[in-house]
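Take a look at the sequence and the 3D structure below. Then read the short report that goes with them.

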Amino acid sequence: MVVFSGIGCLLLAGCSAGSSDVTLYDVSGTVSYNGKPVPFGSVLFIADADEGNAGPQGVAEINDGKFNTAEAGRGVVGGAYKVIIKGRSVRASAEDDEGQGAEPLFADYQTAVVFPEENTEQKFEVPERQSKPGVILEE
């Protein structure tokens with residue numbers, strides 16, 4: 001009995017240790033649209049599996065054109081990421097994310113970035129062609 005309990009504990013420790021070994025790096029920066037800071041929104045960082053990145057998803061809130069994963073979000077592991085930016089003129093609620101609230105400033109904007117394995121700053125300029133909410137355009 002004691003042997004089985006010990007093996008179970010070792011297996012559980014091994015499973016949980018893997019997830020804590022991931023080092024996340026903070027990403028901060030600015031987001032603008034039509035030359036002006038995006039008032040509110042979010043920046044979603046999706047590890048690009050097509051480019052060999054199996055890291056976790058990251059996220060940051062946009063407030064007055066600025067974002068920082070260290071303040072409100074989750075960082076990245078570095079490497080290739082697809083980045084999706086959502087912009088709003090007012091703070092979003094859960095209903096907004098389901099399409100029932102304030103109108104977005106622009107359609108969800110997607111771009112690709114390769115992040116270094118260190119804390120970094122990034123500037124995003126959403127192109128003016130992002131005029132149709134509900135359509136994801138890629139750069």
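The report goes from the whole chain to single residues.

## Overall make-up

This is a predicted model. The protein chain holds 2 helices and 10 strands. Read from the N terminus, the order of elements is α-β-β-β-β-β-β-β-α-β-β-β.

The protein chain has 139 residues, and 31% of them are buried. Its exposed surface comes to about 8500 Å². Carbon and sulfur atoms supply 53% of that surface. Now take the contacts between residues at least 6 apart in sequence: 68% of these join residues at least 24 apart.

The average pLDDT of the protein chain is 81. A score of at least 70 is reached by 71% of the residues.

Residues 1–19 need care. Their pLDDT stays under 50. The model gives them 0 contacts beyond four places in sequence. Where pLDDT is low, the coordinates should not be read in detail.

## The nonpolar core

How many residues does the largest nonpolar core have? The count is 21. Val31, Val43, Phe45, Phe67 and Ile85 have the most contacts inside this core. At least two core residues come from each of S1, S3 (40–47), S4, S7 (79–88), S8 and S9.

Set aside residues up to four places away in sequence. Ile85 then touches Val31 and Val43, among others. Its other partners include Ser42, Ile62, Phe106, Ala107, Asp108 and Tyr109. Phe124 and Val126 are also touched by Ile85.

S4 spans residues 58–63. Its side chains alternate between two faces. Gly58, Ala60 and Ile62 point to one face and are buried.

S4 pairs with S3 in the antiparallel sense, over 6 bridges. Within this pairing, Ser42 has Glu61 in S4 as its bridge partner. S4 also runs antiparallel to S6 (residues 73–74), with 2 bridges between them. There, Ala60 is bridged to Gly73 in S6.

## Two loop residues with positive phi

Asn34 sits in the loop between S1 (27–33) and S2 (36–37). Its phi is near 55 degrees, a positive value in a residue other than glycine. Is Asn34 buried, partly exposed or exposed? Its relative accessibility is 40%, so Asn34 counts as partly exposed.

Asp64 lies in the loop between S4 and S5 (66–68). Asp64 is not a glycine, yet its phi is positive, at about 55 degrees. Its relative accessibility is 59%. The cut-off for exposed is over 50%, so Asp64 counts as exposed.

Ala112 belongs to S8 (residues 109–115). Its relative accessible area is 58%, so Ala112 is exposed. Its C-alpha atom is separated by 8.8 Å from that of Ile84. Along the chain, Ala112 and Ile84 are 28 residues apart.

Thr120 is found in S9 (residues 120–126). Why does Thr120 count as buried? Its relative accessible area is 17%, and buried means under 20%. Which residues is Thr120 in contact with, leaving aside its neighbours within four places in sequence? They are Asp26, Val27, Ser28 and Phe115.

Terms used: Residues are numbered from 1 along each chain as its sequence is written. This is a predicted model: local features need pLDDT of at least 70, side-chain atom pairs count only at pLDDT 80 or more; totals for chains, interfaces and linings use all residues. Side-chain values use heavy atoms; hydrogens and water are left out. Helices (H or I, at least four residues) and strands (E, at least two) are DSSP runs, numbered from the N terminus. Buried means under 20% relative accessible area, exposed over 50%, partly exposed in between (1.4 Å probe, protein chains only). Contact means heavy atoms within 4.5 Å. Accessible areas come from the Shrake-Rupley method with a 1.4 Å probe; for residues, only the protein chains shown count as cover. pLDDT is the predictor's confidence in each residue, from 0 to 100. A nonpolar core is a set of buried Ala, Val, Leu, Ile, Met, Phe, Trp, Tyr and Cys residues joined through side-chain atoms within 4.5 Å. Two strands pair if DSSP finds at least two bridges between them.
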